[in-house]
Amino acid sequence: MDQWLAMGRADSVRSLRAALARIMGLPWVNTVATDRYGNALYIDSSVVPHMATETFLSGCRLFGLPLLFDGSRSACHWGADRRAPPGIFGAESAPWLLRRDYVSNSNDGYWLTNSRQLLTGPGQSRYSPMYGPTHTPQHLRTRLGFVQLDALLAQRSALELADLRDLVFSNRVHAAELVLPDLLAGCAGTVDVTLRAACGVLAAWDRKVELDSRGALLFWQFWLKAVKLPPIWAVPFDAADPVHTPRGVAPDVLPPLLAQLQETAIELTAMGIPLDAPLRDYQVDYRAGIRTALHGGIGDIDGVYNALHMSFPLTPQGYEHVVWGTSYVQLVTFDDAGPVAHGVLVYGQSTDPLSAHYGDQLPLYTSKELLRLPFSENEIRADRNYRRTTLPQK
């Protein structure tokens, strides 16, 4: 509680980092923050066992497992940092980055926080491997986040809230962007009627997961099989360019990929699902008996930033009921009067199916609409639903 209170009182990212350094107590989360002065901070201030790089690599691991250590040897015991409880890393040992352009984290590791400045780790003995791996391929969703952001910053020096909303809800399928050019080229000249039809649908598809996107279902079902094949990439992963590698389809992998696409088209047809069915007909959620069509994609697997994970595989009725994914969306900036925030709580403000607020914000998500959130005392009191209740002391 002391740590969260200190974070709430911070008035800049520098004071926020100082507050985090005083009490190393966050249970697991990455922290990203910006301030009115144009600074952006990333820090992993979570509680991490003090296993230094040299100790981690010195043979203390049992059976080669990454998180199982030999406790019978004193040389393998956890260490200590100044101004931190024994056995955990202090703030000076935690990965952090302060930038004037941006920091970002999409549930991947600390290493790729800014595409222009990769944070070092094992090999440089700077951050313990306990904070996570470095120099490893990143999820497609993480990569798309940087692809979109870097492209937009190349066009303009400053972004508005509307720009960020468009990035969050762009609904691009990065896997499709990386593989379809080669895959469709491999379709040329095919005489199989089913495969030709599937290739035609993917060629016409907008490579997005909007409500009216036609081809998303076909690609999803195909891609879930394709990722289980041996490495398909023509350009291998390059640790110096984790945003743009790996990519492309290796020529020897094209035949099995086309076979998977043909098999997927046969399966969809057998379920009575048109290959070019619009997403709105098959990706839905039910709240209080009301059916709502949903845009968005899988996330890490297909590289959609606006991620949704459905509870059941595709059936003739579609994908139904969201388990997790895009839930609370908040965009924040500053004007002369203070913070300006817009947000939406996708699944509604109540978990009670009988409440009027059960799923009341799902239509806002569907229309990509974010509400202005009151911040100042005057804004809060001006809300038409404002009520003040005094609780007596007992």
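Which residue of β12 stands opposite Y328? L345 does. The points below concern a predicted model.

1. **The β11-β12 pair.** β11 and β12, the latter spanning residues 338-345, pair in the antiparallel sense. Eight bridges hold the count for this pairing.

2. β11 and β12 are part of an open sheet of three strands. The order is β11-β12-β13, and the pairing is antiparallel. Two strands sit at the edges: β11 (328-335) and β13 (371-373). Each of these edge strands pairs on one side only. From one strand to the next, the twist averages 30°.

3. Helix α5 covers residues 161-168. It lies across β11 and β12. Its direction runs at about 160° to β11.

4. **Helices α8 and α9.** Helix α8 takes in residues 216-226, and helix α9 residues 254-270. Their axes come within 9 Å and cross at roughly 130°. The two helices are therefore oblique to each other. The crossing of α8 and α9 is right-handed.

5. **What makes the α8-α9 contact.** On the α8 side, the residues are L217, L218, Q221, F222, K225 and A226. On the α9 side, they are L257, Q260, L261, E263, T264, A265, E267 and L268. Sorted by class, the contact has eight nonpolar, three polar and three charged residues.

6. **Burial of β6.** Strand β6 spans residues 283-287 and is mostly covered. Four of its five residues are buried.

7. **Partners of β6.** β6 pairs with β9 (residues 319-320) and runs parallel to it, with two bridges joining them. There, V284 has E320 of β9 as its bridge partner. β6 also pairs with β7 (residues 290-293), this time antiparallel, through four bridges. In that pairing, D285 stands opposite T292 of β7.

8. **The β6-β7 turn.** How many residues lie between the strands in the hairpin of β6 and β7? There are two.

Notes:
Residues numbered from 1 in each chain as written. Predicted model: local features only at pLDDT ≥ 70, side-chain atom pairs only at ≥ 80, totals over all residues. Heavy atoms only, no water. Axes fitted to C-alpha atoms, helices over the stretch in contact; angles between N-to-C directions. Parallel < 35°, antiparallel > 145°, perpendicular 65-115°, else oblique. Left-handed = near helix turned anticlockwise from the far one by under 90°. Contact = heavy atoms within 4.5 Å. Nonpolar A, V, L, I, M, F, W, Y, C, P; charged D, E, K, R; others polar. Pairing = 2+ DSSP bridges. Buried < 20%, exposed > 50% of the residue type's maximum accessible area, 1.4 Å probe, protein only.
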